[in-house]
Amino acid sequence: MKKVRFGIIGAGLMGREFASAIARWAHLPEMLVRPELTAVCDKNPAVLAWYRQNFPAIRCFTADYRELLAEASVEAVYCAVPHNLHAELYTAIIQAGKHLMGEKPFGIDQRANRTILECANAHGNVFVRCSSELPFYPAAQRIGDLIEKNAFGQIIEVNNFFLHSSDLDPAKALNWKRQIEINGEYGCLGDLGMHVCHVPFRAGWIPKNVRAILSDIVKERPDGRGGRAPCRTWDNATLLCEALDPVAGALFPLTLKTHRIAPGEKNTWGIEILGAKASARFSTKNPKLLQVLEYHGGEQAWQHLDMGQETAFKTITGGIFEFGFSDSILQMWAAFLYELTEGRPLKKFAGCVTPQETALSHALFTAALRSQAERQTIVVG
Ligand SMILES: NC(=O)c1ccc[n+]([C@@H]2O[C@H](COP(=O)([O-])OP(=O)(O)OC[C@H]3O[C@@H](n4cnc5c(N)ncnc54)[C@H](O)[C@@H]3O)[C@@H](O)[C@H]2O)c1
């Protein structure tokens with residue numbers, strides 16, 4: 001089986017998810033390629049202990065990403081560092097000739113995103129993608145298949161959401177994701193926005209304009225050192241856009257909600273598509289349930305389908321067994337490696353986010369910031 005040797009730069013929460021996915025690659029019996037983790041970089045040495053304990057094949061542990069990039073054996077890098085470092089590290093990885101899976105938002109702002117894309121365009125031999133795993137849930141994949149078949153007919157409305165609630169607790173300490181200097185001006189949009197853009201962008205539903213309402217609900221938090229610090233990042237964002245349905249040639253309302261303060265919600269990602277011929281709904285709150293309404297005239301009835309392991313990339317798990325977050329990470333990585341080696345995604349909605357799609361998200365989020373500042377609808381350019 002072909003192997004791709006990987007390094008991880010930024011070995012925190014998401015770095016561990018990738019390492020764990022590598023450790024259970026045997027779950028994917030039909031993959032003709034496998035990742036091998038040979039190098040890990042994190043500036044915090046304490047983070048590396050878990051890797052030392054669990055991955056004896058890792059040959060390089062370092063706090064300096066340049067050292068990892070100098071390792072000739074490393075062919076590809078997963079980079080999961082705070083947003084203020086994306087431009088510097090992603091361009092260094094690409095310039096070193098390593099394939100890159102970068103984390104969202106793929107640059108702290110539009111300028112940083114453009115720098116990364118220029119670098120990627122100048123190194124066409126390097127495969128570059130952005131992480132976004134939630135569309136790999138089986139129900140979301142089924143929705144993708146329905147979009148590909150134009151099963152919805154003319155699109156009436158599409159609603160996408162990604163909802164968290166732990167920030168409801170005002171005693172939650174400020175971390176880098178709540179600091180503008182490190183997380184960026186986009187706030188919750190930079191952190192959560194790509195997740196709600198992935199499916200609509202892949203469908204070709206590109207926002208023409210946006211009216212954004214951004215909320216800064218908790219303005220101060222414990223600083224983790226016994227004091228208090230201002231928390232200036234946007235907690236919640238609601239974007240109402242007009243998008244073009246390329247099949248019907250008509251505009252429709254597209255909403256994108258990213259909330260860090262959505263009472264009761266814990267990493268709830270979902271999509272609702274209302275169409276003239278069919279409609280569908282899915283939320284990770286009830287990860288097995290796909291709701292579909294097919295309209296042929298006559299009764300309008302929602303069907304409730306239990307989805308099991310109907311994954312894009314076949315797994316060894318029994319077909320009736322439930323799917324979860326770490327399964328979606330495994331599927332996303334299968335998609336990355338499949339496209340890297342085959343030169344095309346397995347199918348339209350089983351492909352990772354492209355650099356061009358990250359550029360669209362930055363155009364939208366930049367317009368959303370202006371919309372909030374001016375209380376106006378802004379053309380997404
Ligand atoms: N796809 C997803 O579902 C998802 C979920 C959470 C976070 N993310 C994204 O992943 C990225 C990282 O987030 P996280 O939650 O893993 O953060 P984290 O804080 O858990 O991990 C980041 C790691 O980067 C390390 N680091 C910082 N500067 C470094 C440097 N110069 N060189 C090497 N290492 C350095 C830190 O020590 C830390 O261990 C962000 O872009 C974030 O938006 C994606």
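A: Strand E1 (residues 2-9) and strand E4 (residues 76-79) run parallel and are joined by four bridges. Strands pair when DSSP finds at least two bridges between them; strands (E, at least two residues) and helices (H or I, at least four) are DSSP runs, numbered from the N terminus. To find this pairing on screen, look for glycine 7, which stands opposite valine 77 in E4. Keep in mind that this is a predicted model, in which local features need pLDDT of at least 70 and side-chain atom pairs count only at pLDDT 80 or more, while totals for chains, interfaces and linings use all residues. Residue numbers start from 1 along each chain as its sequence is written.

E1 has another partner, strand E2 (residues 33-41), which is parallel to E1 and joined to it by eight bridges. Here lysine 2 has valine 33 of E2 as its bridge partner. Between E1 and E2 the chain passes through helix H1 (residues 13-23), making a right-handed β-α-β crossover: with the strands pointing away from you, the path from the first strand over the helix to the second runs clockwise.

Now move on from E4. Strand E5 (residues 99-102) pairs with E4 in the parallel sense over four bridges, and tyrosine 78 finds its bridge partner in methionine 101 of E5. Put together, the order is E3-E2-E1-E4-E5-E6, an open sheet of six strands with parallel pairing. At its edges are strand E3 (60-62) and E6, each pairing on one side only. From one strand to the next, the twist averages 25° (axes are lines fitted to C-alpha atoms, for helices over the stretch in contact, and angles between N-to-C directions run from 0 to 180 degrees).

Let's zoom out to the domains. Domain 1 covers 2-130, and domain 2 covers 136-318 + 354-379, with bounds from an automatic or database domain assignment. Their C-alpha centres lie 26 Å apart. Across the boundary, 21 residues of domain 1 are in contact with 22 residues of domain 2, where contact means C-beta atoms, placed from the backbone, within 7 Å. On the domain 1 side, helix H5 (110-122) and strand E6 (128-130) each supply at least two residues. H5 gives the most, with four residues. By class, this side has eleven nonpolar, six polar and four charged residues. Ala, Val, Leu, Ile, Met, Phe, Trp, Tyr, Cys and Pro count as nonpolar, Asp, Glu, Lys and Arg as charged, and the others, Gly among them, as polar.

There is also an open sheet of nine strands, with mixed pairing, in the order E16-E15-E14-E13-E7-E12-E11-E8-E17. Strand E16 (302-306) and strand E17 (378-379) each have a single partner strand at the edges, so one side of each has no neighbour in the sheet. Within this sheet, strand E7 (residues 155-163) and strand E12 (residues 250-259) are parallel and share six bridges; asparagine 159 faces threonine 255 in E12 there.

Helix H6 (residues 138-148) lies across strand E13 (268-275), strand E14 (278-283) and strand E15 (289-294), at about 160° to E14. Helix H8 (residues 188-203) packs on the sheet too, touching E7, strand E11 (236-245), E12 and E13, and its direction makes about 145° with that of E12.

Terms used: Two residues are in contact if their C-beta atoms, placed from the backbone, lie within 7 Å.
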